[in-house]
Amino acid sequence: MRDPVVACVGLGANLGDAARAVHDAIAKLDQVPQTHVVRASSLYRTAPQEASGPDFINAVAQLETRLDAMTLLSHLQRIENEAGRERPYRNAPRTLDADLLFYGSGRVDSERLTVPHPRMHERAFVLVPLAEIAPALVARHELEAVAGQPIERLALPPT
């Protein structure tokens, strides 16, 4: 059996009950086979960035998983689909978005997946919640670089 890998998943939603969708997604991540949610960040509200629609609710979850990155991605996409995710056009408003940010220290570069996530260092909605639960993964200069992006902490992590 494969050794567990620590992975981080960015979650966001801006349609319907976005906070409930993010909370439910964290609970569903904990139900993925051979996977356990180690910790989840608080919820954060952010304006859409390179997207449209209402404000987003965002969080980051840290997982331990024995799944390979592509299998984990398939589970993330299943969770998105169960939440009613549609992709009518790039960066459309969404009921749920689940992005694999890190998969251990591994790198993946394929048509389906790029890990580490290529744009996470440009986005406060990723870096701020990630720094909350895994501060060693976010450098001070990275947080300083996104300090001008409005982000509001809303709620403590789900229990």
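Is Arg20 buried, partly exposed or exposed? Arg20 is partly exposed, with a relative accessible area of 44%. Here buried means under 20% relative accessible area, exposed means over 50%, and partly exposed lies in between (1.4 Å probe, protein chains only). This is a predicted model, in which local features need pLDDT of at least 70, side-chain atom pairs count only at pLDDT 80 or more, and totals for chains, interfaces and linings use all residues. Residues are numbered from 1 along each chain as its sequence is written, and side-chain values use heavy atoms, with hydrogens and water left out.

Start with the whole chain. It has 4 helices and 8 strands. These are DSSP runs numbered from the N terminus: helices are H or I with at least four residues, strands are E with at least two. Along the sequence the order is β-α-β-β-β-α-β-β-β-α-α-β. The C-alpha atoms fill a box of roughly 45 × 35 × 35 Å, taken along the principal axes. A compact globule of 159 residues would have a radius of gyration near 15 Å, and the chain agrees with 14 Å. That radius is taken over C-alpha atoms, and the globule rule is 2.2 Å times the number of residues to the power 0.38.

Now look at what is covered. Of the 159 residues, 45% count as buried. The chain exposes about 8,200 Å², and carbon and sulfur atoms supply 50% of that area. Accessible areas come from the Shrake-Rupley method with a 1.4 Å probe; for residues, only the protein chains shown count as cover. Contacts tell another part of the story. Among contacts with a separation of 6 or more, 68% are between residues 24 or more positions apart. A contact means heavy atoms within 4.5 Å.

The largest nonpolar core has 32 residues. Such a core is a set of buried Ala, Val, Leu, Ile, Met, Phe, Trp, Tyr and Cys residues joined through side-chain atoms within 4.5 Å. Val9, Leu11, Val22, Leu29, Leu100 and Tyr103 touch the most other members. At least two residues each come from β1 (5-13), α1 (18-29), β2 (35-40), β4 (56-65), α2 (69-82) and β5 (97-103). Helix α1 gives the largest share, 6 residues. A second, separate core holds 15 residues, among them Leu101, Met120, Phe125 and Ala134.

Leaving aside neighbours within four places in sequence, Tyr103 is in contact with Arg2, Val5, Val6, Ala7, Thr65, Leu67, Asp68, Ala69, Leu72 and Val115.

Follow helix α1 next. Its 12 residues should span 16 Å at 1.5 Å a residue, and its end C-alpha atoms are 16 Å apart, which agrees. The expected span is 1.5 Å times one less than the number of residues. The buried residues of α1 are Ala18, Ala21, Val22, His23, Ala25, Ile26 and Leu29. They pack against β1, β2, β3 (43-46), β4 and α2.

Helix α1 also carries a charged pair. Arg20 and Asp24 meet through their side chains in a salt bridge (3.4 Å, N to O). A salt bridge is a side-chain nitrogen of Lys or Arg within 4 Å of a carboxyl oxygen of Asp or Glu. Both residues lie in α1, 4 residues apart, about one turn of the helix. An α-helix has 3.6 residues a turn, so residues three or four places apart point the same way. Asp24 is partly exposed, at 34% relative accessibility.

The structure holds 5 salt bridges. In helix α2, Glu82 and Arg78 are also 4 residues apart. Their side chains form a salt bridge (3.0 Å, N to O). Glu82 is partly exposed at 45%, and Arg78 is partly exposed at 32%. A salt bridge also joins Arg94 and Asp97 (3.4 Å, N to O). Arg94 is buried at 8% relative accessibility, and Asp97 is buried at 13%. Salt bridges with shared partners link Lys28, Arg78 and Glu82 into one network.

Finish at Arg85. This residue sits in the loop between α2 and β5. Arg85 counts as buried, at 15% relative accessibility. Leaving aside neighbours within four places in sequence, Arg85 is in contact with Glu80, Arg94, Thr95, Leu96 and Asp97. Arg85 and Leu96 are 11 residues apart along the chain, and their C-alpha atoms are separated by 5.9 Å.
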